[in-house]
Amino acid sequence: MELREIKRIVEETTNIDLLEKKQKRDNVYARALYCKIAKEKTDSTLKEIGELINKDHSTVLYAITKIFEEIEFCEPRLASIYKSIIGNDYFKSMEEKYIDMLEENEQLKLELAKLQQFRNKFKLPFKNIKS
């Protein structure tokens, strides 16, 4: 996952432009959200994370350690946005997505087999179920 992609996701989710220089709480929290996710999901340095939003490394570190802690305690809406972004498929590799799809496919095959057994047991006329 690239920093630009994380920035885009956070901006779309919070409806806040991370490059705005406003010091309003919503803007500060959105930038902290970006910094926290970027640090957790990339190998980027604090300097690289900050460069994308025109902040220096110390601001990024403060956002991750202090401001994000405040978000967790005082802003449940933003904390849930963070959890939904982190838990989302955005951060899964293609291989992980493929494995998930294979597992889902196996589950669907099992469900189909059960439905076919049920149909055969009761001789129900389901014409659209195919093997």
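In which crossing, left-handed or right-handed, does helix 4 pass helix 5? Helix 4 passes helix 5 in a left-handed crossing, where left-handed means that the near helix is turned anticlockwise from the far one by less than a right angle, and right-handed that it is turned clockwise.

The views below show a predicted model, in which local features need pLDDT of at least 70 and side-chain atom pairs count only at pLDDT 80 or more, while totals for chains, interfaces and linings use all residues. Residues are numbered from 1 along each chain as its sequence is written, and side-chain values use heavy atoms, with hydrogens and water left out.

**View 1. The whole chain, with its helices.** The secondary structure of the protein consists of six helices and zero strands, where helices (H or I, at least four residues) and strands (E, at least two) are DSSP runs numbered from the N terminus. Read from the N terminus on, the elements follow the order α-α-α-α-α-α. Of the 131 residues of the protein, 33% count as buried; buried means under 20% relative accessible area, exposed means over 50%, and partly exposed lies in between, with a 1.4 Å probe and protein chains only. Among the contacts in the protein with a separation of 6 or more, 54% come from residues 24 or more positions apart, a contact being heavy atoms within 4.5 Å.

**View 2. The packing of helix 4 on helix 5.** Two packed helices are described by the angle between their axes and the distance between the axes. Helix 4 and helix 5 pack at an angle of about 110 degrees, and their axes are 6 Å apart; axes are lines fitted to C-alpha atoms, for helices over the stretch in contact, and angles run from 0 to 180 degrees between N-to-C directions. The two helices are therefore roughly perpendicular to each other, given that angles under 35 degrees count as roughly parallel, over 145 as roughly antiparallel, 65 to 115 as roughly perpendicular and the rest as oblique. On the side of helix 4 the contact involves F68, I71, E72 and C74, which meet P76, L78, A79 and Y82 in helix 5. By class, this contact of helix 4 with helix 5 has seven nonpolar, no polar and one charged residues, where Ala, Val, Leu, Ile, Met, Phe, Trp, Tyr, Cys and Pro count as nonpolar, Asp, Glu, Lys and Arg as charged, and the others, Gly among them, as polar.

View 3. A search of the whole structure finds one aromatic pair. The rings of F68 and Y82 have centres 4.7 Å apart and planes at 65 degrees, so the pair is edge-to-face; rings of Phe, Tyr and Trp (its six-membered ring) pair if their centres lie within 6.5 Å, and planes under 30 degrees apart count as stacked, over 60 as edge-to-face and the rest as tilted. The pair links distant parts of the chain, with F68 in helix 4 (residues 57–74) and Y82 in helix 5, 14 residues apart. Both F68 and Y82 are buried. K36, which lies in helix 2, has a relative accessibility of 19% and therefore counts as buried. If its neighbours within four places in sequence are left aside, K36 is in contact with I64, F68 and Y82.

**View 4. The crossing of helix 1 and helix 5.** The axes of helix 1 (residues 3–14) and helix 5 (residues 76–86) come within 11 Å and cross at roughly 140 degrees. That angle makes helix 1 oblique to helix 5, and their crossing is right-handed. The contact is made by I9, V10, T13 and T14 of helix 1, together with L78, I81 and I85 of helix 5. These contact residues divide into five nonpolar, two polar and no charged.

**View 5. Two asparagines in loops, and residues of helix 2.** N15 lies in the loop between helix 1 and helix 2, and its phi is positive, at about 60 degrees, although N15 is not a glycine. With a relative accessible area of 69%, N15 is exposed. N54, whose place is in the loop between helix 3 (46–51) and helix 4, also has a positive phi, near 60 degrees, and is a residue other than glycine; at 57% relative accessibility, N54 counts as exposed. D26 lies in helix 2 (residues 25–41) and, at 42% relative accessibility, counts as partly exposed. D26 and N15 are eleven residues apart in sequence, and their C-alpha atoms are 9.8 Å apart in space.
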